[in-house]
Amino acid sequence: MVNEEKTRIMIKIAQYETKLGKEIINEGSYYKTDYVRLHTLSAVLGFSVAYILLLLLIALYNIDYIFLNFVTINYVKLFIEIFVPYVSIIIICIFASNIYFNYKYKKNREEIKKYYAELKHLEKYYTDSGKEITDDTVTGI
């Protein structure tokens, strides 16, 4: 016989799993600082790769000028013109990523708390109904 309350709880849990996805549920095990640092680092790495690719495209576009004026180019000025925008973009990226991923962590954490509350409710249902949950993943004597 199908128990309607148990079925409703299990449907809610399945809805949370499909809505949140396995990725967000797995990210719930991170500490906030680890989560923010990891995602900020990946954003900085992404911006760095994009900036280097952009510089390569600009260099390829101006390759004839670079070859003709290789000796007369002021490399200190060129380095400053390349390095200063990069540092400013990275600083902006770090601040924006910290703000965004702190917000995202807080939002995901609230959803994960609701998901775990439903799991606790299902566990409570099983213990109250007299069917104790046994952990059959543990082997031994």
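**Notebook: helices, contacts and surface**

I began with helix α2 (residues 32-61), whose 30 residues should span 44 Å at 1.5 Å a residue, and I found its end C-alpha atoms 43 Å apart, which agrees; the expected span is 1.5 Å times one less than the number of residues. Helices here are DSSP runs of H or I with at least four residues, strands are runs of E with at least two, and both are numbered from the N terminus.

I note that this is a predicted model, in which local features need pLDDT of at least 70 and side-chain atom pairs count only at pLDDT 80 or more, while totals for chains, interfaces and linings use all residues. Residues are numbered from 1 along each chain as its sequence is written, and side-chain values use heavy atoms, with hydrogens and water left out.

I then read the overall make-up, which comes to 4 helices and 0 strands, in the order α-α-α-α along the sequence. Of the 141 residues, 21% count as buried, where buried means under 20% relative accessible area, exposed over 50% and partly exposed in between, with a 1.4 Å probe and protein chains only.

I listed the buried residues of α2, among them Tyr35, Val36, His39 and Tyr51. On the surface I found a nonpolar patch of Leu45, Val49, Ile52, Leu53 and Leu56, with about 480 Å² of accessible area together, and isoleucine 52 of this patch lies in α2. Such patches take residues with over 30% relative accessible area and no salt bridge, nonpolar side chains (Val, Leu, Ile, Met, Phe, Trp, Tyr) being joined within 5 Å and like charges within 9 Å; the areas come from the Shrake-Rupley method with a 1.4 Å probe, and for residues only the protein chains shown count as cover.

Last, I searched the whole structure for salt bridges (a side-chain nitrogen of Lys or Arg within 4 Å of a carboxyl oxygen of Asp or Glu) and found 1. The pair is glutamate 81 and lysine 77, at 4.0 Å from N to O; the two are 4 residues apart in α4 (residues 75-128), about one helical turn. Glutamate 81 is partly exposed at 46%, and lysine 77 is partly exposed at 49%.
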